[in-house]
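Below is a short report on one protein chain. Look at the sequence and the structure first, then read on.

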Amino acid sequence: MTQQAAALQTYNNELVKCIEDLCSKRDELNRQIKQEEEEKERLQHDIRVLSEKLSRVNESLAQRLAARATFDRTIAETEAAYTKILESSQSLLSVLKQEAGNLSKATEPRRKEH
């Protein structure tokens, strides 16, 4: 019977050792799980912060793009109006020169023809 008791004691020791190994592995796994959960929370927080920043940047960018479009439109309209003013000034100058020439001819003394 002592041989059986010794075998039983050996099995018991091995069983306890296996249980202790499993508990140790479970504890290590729990530590890793906790570490990854903390990392997940940090990442989710970072994502929220970055999403908020992205939203603010997109809003600001949209406002700036709209302002630039307004500038572009105003510049184009102003340049078109200025071009028309230049064209009108050129036409007015041309007409004025022609009229001045006509007036000069009309006011020149006439030559006597023989």
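Which side chains meet in a salt bridge at 3.8 Å, N to O? They are those of Arg-26 and Asp-27.

## Basis of the report

This is a predicted model, in which local features need pLDDT of at least 70 and side-chain atom pairs count only at pLDDT 80 or more, while totals for chains, interfaces and linings use all residues. Residues are numbered from 1 along each chain as its sequence is written, and side-chain values use heavy atoms, with hydrogens and water left out.

## Helix 1 and the annotated span

Helix 1 covers residues 2–107. Helices (H or I, at least four residues) and strands (E, at least two) are DSSP runs, numbered from the N terminus.

An unreviewed UniProt entry places the feature "coiled-coil region" at residues 19–60. UniProt positions are given here in the numbering of this report, feature names are shortened, and annotations may be inferred rather than shown by experiment. In the model, this span is 100% helix and 0% strand, and its end C-alpha atoms lie 61 Å apart.

## Salt bridges

The whole structure has four salt bridges (a side-chain nitrogen of Lys or Arg within 4 Å of a carboxyl oxygen of Asp or Glu). One of them joins Lys-17 and Asp-21 at 3.5 Å, N to O. These two residues are four apart in helix 1, about one turn of the helix.

Another salt bridge links Glu-39 with Arg-42, where the closest N and O atoms are 2.5 Å apart. Both residues lie in helix 1, three residues apart, which is again about one turn. Glu-39 counts as partly exposed because its relative accessibility is 34% (buried means under 20% relative accessible area, exposed over 50%, partly exposed in between, with a 1.4 Å probe and protein chains only). Arg-42 is partly exposed too, at 46%.

## Surface patches

Glu-36, Glu-37, Glu-38 and Glu-41 gather in a patch of negative charge on the surface. Patches are made of residues with over 30% relative accessible area and no salt bridge; like charges are joined within 9 Å, and nonpolar side chains (Val, Leu, Ile, Met, Phe, Trp, Tyr) within 5 Å. Lys and Arg count as positive and Asp and Glu as negative, while His and the chain ends are not counted. The place of a charge is NZ of Lys, CZ of Arg, CG of Asp or CD of Glu. Glu-41 lies in helix 1 and counts as exposed because its relative accessibility is 55%.

A nonpolar patch is formed by Tyr-82, Ile-85 and Leu-86, with about 320 Å² of accessible area together (Shrake-Rupley method, 1.4 Å probe; for residues, only the protein chains shown count as cover). Ile-85 lies in helix 1.
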